[in-house]
Amino acid sequence: MADTTKHLLIVEDEKALREVVAERLADHGYDVTEAGNGEEALERLAEFAFDVVITDLRLPGLDGSKVLEAALARYPDIIGIVVTGYGTVKDAVEAIKRGATDFVTKPFQFDELLHALDSALEQRRLRSENAYLRSQLERRYSFTGIVGRSRPMRDLFQLLETVSGTNSTILVTGETGTGKELVARAIHHNSPRRGGQFVAINCSAIPETLLEAELFGHVRGAFTGAVGTRVGRFELAHKGTLMLDEVGTMGGPLQMKLLRALQEREIERVGDSRPVKVDVRVIAATNSDLAKMVAEGRFREDLYYRLNVIPVRLPPLRERAEDIPLLVQHFLERFCREATPPRPPMTVSQEAMRRLMACPWPGNVRQLENTLERAVALGAGRTQIELADLPPDVQEAGPASPSASFALPDCGIDLQKYIADVERELIQQSLDRAGGNKVRAAQLLNLKRTTLVEKLKRLNRD
Ligand SMILES: Nc1ncnc2c1ncn2[C@@H]1O[C@H](COP(=O)(O)OP(=O)(O)OP(=O)(O)O)[C@@H](O)[C@H]1O
Ligand SMILES: [Mg+2]
């Protein structure tokens, strides 16, 4: 189970040199990935937690020090070894200052590199942590505590910055644990309404009969048990923000009342027909597909459009695995700080990190958070979290095996056509996931780029 192979990324533009070194390292048991330039290196680093990155400092385009910087920012535990040309030792020293573990100068003997690698790996085993780097990271890549810097998250931050300043109603959608409440709070705290209250109500947690009074308040004697007059959440959120969580679970009559409150900007307390003016910004959230519910007649279309003025979709964690190292650092720092007694931040072995990045995380960020809390507790007295500290379901979860979802129907199937359909579908998904980048799509399918291109041509012909 334990993967002791060391995974290594070599970044070198001289193809012949790169290939020779890669081959010899592979002979020494390393799993080697090659990148011919800095940009390509960053793509590889976004996808995989390598143990070591060996980079030439002089590269066309993005240079080696940038590659090193990006690698260390993402994985504080990665080993960086830089390769410099003759007479540029100054650059190497600079790289060491920035966190490279070692350097070799060109032309070098292979054994020199091997030696540098061995001692760096040993050093890493003993290395204590760099908390400073971590806290720096957090400051740079978060929007009020929302961690992430993958493409979808950067787009999200930009959207949040824009919408926070407005008064528009927002509909936040996303699977469980993707951060809907976190985002709603962030919008409130970055809006001109931050002086008012942020009031959240989970519509699915309160019986429908009580929800109306909870939202709009009631007067004395409005219903059995209404002993006093009570202010509802709408009024509580006056001049502030009201989060209507799980809005999809609201029943028909209440949907109507909510629609009226949003349109008229006034509410009626239960048992009282005098309207009360309220100035509230509403953020609705749901993990169900409201558009589908509208189509099925289970949610009012007019209310849907009132709520969905600005849609904010939170991507599931599996669609942004490259954010996992940052989230891991964020949570480790927090759990170690909050431990009694507080302890220095722990790190995660690259092996465990690979597992974390490959896990499908059905419970999204919340599940990752819980996993790390548990791991910190189990790792008491140690500085590093190992594979064994992860819960069994995370240790074992791999890319979902398709076999379970197949069953041969009694009438049989056309195997060739079936497989062609599956192939077409997976290729399409890989291209979508890779934003149309064929190199990346091919990697997702474990194919050579040329093979993928061939297949695409064939599919287009068929
Ligand atoms: N991008 C993120 N950065 C840091 N922490 C996050 C992020 N996303 C979610 N979390 C954390 O994950 C946990 C779950 O988030 P939250 O409660 O906002 O999810 P949710 O979408 O409302 O889930 P549910 O649908 O189950 O109510 C919280 O502890 C939150 O702080
Ligand atoms: Mg929630």
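Me: I have this predicted model open. Where is P341 found?

Reply: P341 is found in the loop between α14 (324–338) and β17 (347–348).

Me: Is R265 buried or exposed, and why?

Reply: R265 counts as exposed because it has 12 C-beta neighbours inside 10 Å. The cut-off for exposed is 12 or fewer.

Me: And W361, what is its phi? Is W361 buried or exposed?

Reply: W361 has a positive phi too, about 45°, although it is not a glycine. This residue is found in the loop between α15 (350–358) and α16 (364–378). W361 is buried, because 23 other C-beta atoms lie within 10 Å. A residue needs 20 or more to be called buried.

Me: Let me try the strands. With which strands does β1 pair, and in what sense?

Reply: In general, strands of a sheet pair through backbone hydrogen bonds, either parallel or antiparallel. Strand β1 pairs in the parallel sense with β2 (residues 31–35), over five bridges. It also pairs in the parallel sense with β3 (residues 52–56), here over four bridges.

Me: How many of the residues of β1 are buried?

Reply: Four of its five residues are buried, so β1 (residues 7–11) is mostly covered. The chain leaves β1, passes through helix α1 (residues 15–27) and reaches β2, making a right-handed β-α-β crossover.

Me: How should I read a helix, say α2? Which of its residues are buried?

Reply: The general idea is that an α-helix has 3.6 residues a turn, so residues three or four places apart point the same way. In helix α2 (residues 38–47), the buried residues are G38, E40, A41 and L45. They are on the same side of α2, because they cover an arc of only 155° around the axis. What they pack against is β1, β2, β3 and α3 (64–74).

Me: In what order do the strands of the open sheet with β9 come?

Reply: The order of this five-stranded open sheet is β9-β12-β15-β8-β16, with parallel pairing. Look at the edges, β9 and β16 (310–313): each has a single partner strand, so one side of each is left without a neighbour in the sheet. Direction ignored, neighbouring strands of this sheet are turned by 20° against each other on average. Inside the sheet, β12 (residues 241–245) runs parallel to β15 (residues 281–286), and four bridges join them. M243 is a handy landmark there, standing opposite I283 in β15.

Me: One more residue. Where does R194 lie, and what is it in contact with?

Reply: R194 lies in the loop between α8 (180–189) and β9 (198–202). Leaving aside neighbours within four places in sequence, its contacts are H188 and H189. R194 counts as partly exposed because it has 14 C-beta neighbours inside 10 Å.

Me: Finally, the overall view: how many helices and strands are there, and what percentage of residues count as buried?

Reply: The protein chain has 20 helices and 18 strands, and 33% of its 462 residues count as buried. Its C-alpha trace spans about 90 × 65 × 40 Å along the principal axes. Among contacts with a separation of 6 or more, 68% come from residues 24 or more positions apart.

Key:
Residues are numbered from 1 along each chain as its sequence is written. Chains are lettered from A and ligands numbered from 1 in the order in which they are written. This is a predicted model: local features need pLDDT of at least 70, side-chain atom pairs count only at pLDDT 80 or more; totals for chains, interfaces and linings use all residues. Helices (H or I, at least four residues) and strands (E, at least two) are DSSP runs, numbered from the N terminus. Two strands pair if DSSP finds at least two bridges between them. A crossover is right-handed if, with the strands pointing away from the viewer, the path from the first strand over the helix to the second runs clockwise. Two residues are in contact if their C-beta atoms, placed from the backbone, lie within 7 Å. Axes are lines fitted to C-alpha atoms, for helices over the stretch in contact, and angles run from 0 to 180 degrees between N-to-C directions. The arc is that of the directions from the helix axis to the C-beta atoms.
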